[in-house]
Amino acid sequence: MNLTPRILPALLPLCLAACGGAAPMDTADMGATLGLPAAVIASSDYTTGALGAVSLKTRAVRTNIDVIDAQPVVRVYGGKVYVLDQTHGAVRVYDPARDFKDPTEFTLDHPLVPAAQANPHDIYVDTASQRAFVTFYGSFGSTAVTGERALAVVDLKATPPKVARFIPLTVAAGDPDNNPEADRLVGCGGTLYVTLQALDSSTTYAPAAAGRLASINLAGAETASYVSLSGQNPVSLSIVGGCATAIVGHADNQYGAAPSGKGGVELVDLRGATSLGLVL
């Protein structure tokens, strides 16, 4: 079982712009009839997943473009759609300009972390250097993912693309499972930001420490620096204000006892590298 410590919604969307109501359309040719730009949507019934899209011009809907993993994560970089297969540790890449036809796929397998044990949670693609950064969360019961192997660097220029190395991330003091639980990835201004949840997998993923936000200068030595957060279990991240402020959403203790009051929305001053505390 590939346990993802968050409640997987029945619909996991990625919208490139606001989406409204739409009329379903049966068409085999998105390029000719659906049109671009489009919002790309991954849905799941917990057994299997499906890829769909909505035209932002006509609101027409294209359903069942492809069958995907039951635990999908969808991101768009450089005009390409990247769909993470969390169950099997793989990435499928689609080109909307080619009607999503003939997608390519590569595995996230590595001698130290087998693909099926990686449980990738997010992907960020640096299109200029043709590198992808993927957070490895570790499948349920596996100890393959540690702080040394929680952030993978994928060489997209290789044929096929492959995990070339890892960027080490420290594990919070008090977190006994040696896994920082690296989760969301956002790149802004040449810096990659990573949320670290610090959960204890031996206690049903209860928070073992406060969350942290790691930052990595992609043009430098690629070593991480950290901001300690006020909240626990950060599950979402947005960067605003010209890369000046991070907005972090915390889930607190999702599976255990009553919340401890450390869930909500937190602001982080990225230039001062300091938390402004929970504001909601």
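Here are a few questions and answers about the predicted model shown above.

Visitor: Which residues have the most contacts inside the largest nonpolar core?
Guide: Residues are numbered from 1 along each chain as its sequence is written. In this predicted model, local features need pLDDT of at least 70 and side-chain atom pairs pLDDT 80 or more, while totals for chains, interfaces and linings use all residues, and side-chain values use heavy atoms, without hydrogens and water. A nonpolar core joins buried Ala, Val, Leu, Ile, Met, Phe, Trp, Tyr and Cys residues through side-chain atoms within 4.5 Å, where buried means under 20% relative accessible area (1.4 Å probe, protein chains only). The largest one has 37 residues, and those with the most contacts inside it are Leu108, Phe133, Phe136 and Val194.

Visitor: In which sense do S5 and S6 pair?
Guide: Strands are DSSP runs (E, at least two residues) numbered from the N terminus, and two of them pair if DSSP finds at least two bridges between them. S5 covers residues 72-77 and S6 residues 80-85, with 6 bridges. Val73 stands opposite Leu84, and the pairing is antiparallel.

Visitor: Which residue in the turn of the S5 and S6 hairpin has a positive phi?
Guide: The hairpin leaves 2 residues between its strands. The phi in question is about 60 degrees, and the residue is Gly78.

Visitor: What is the bridge partner of Pro234 in S20?
Guide: S19 and S20 (residues 245-250) are joined by 6 bridges. The partner of Pro234 is His250.

Terms used: Buried < 20%, exposed > 50% of the residue type's maximum accessible area, 1.4 Å probe, protein only. Helix = DSSP H or I, 4+ residues; strand = E, 2+ residues; numbered from the N terminus.
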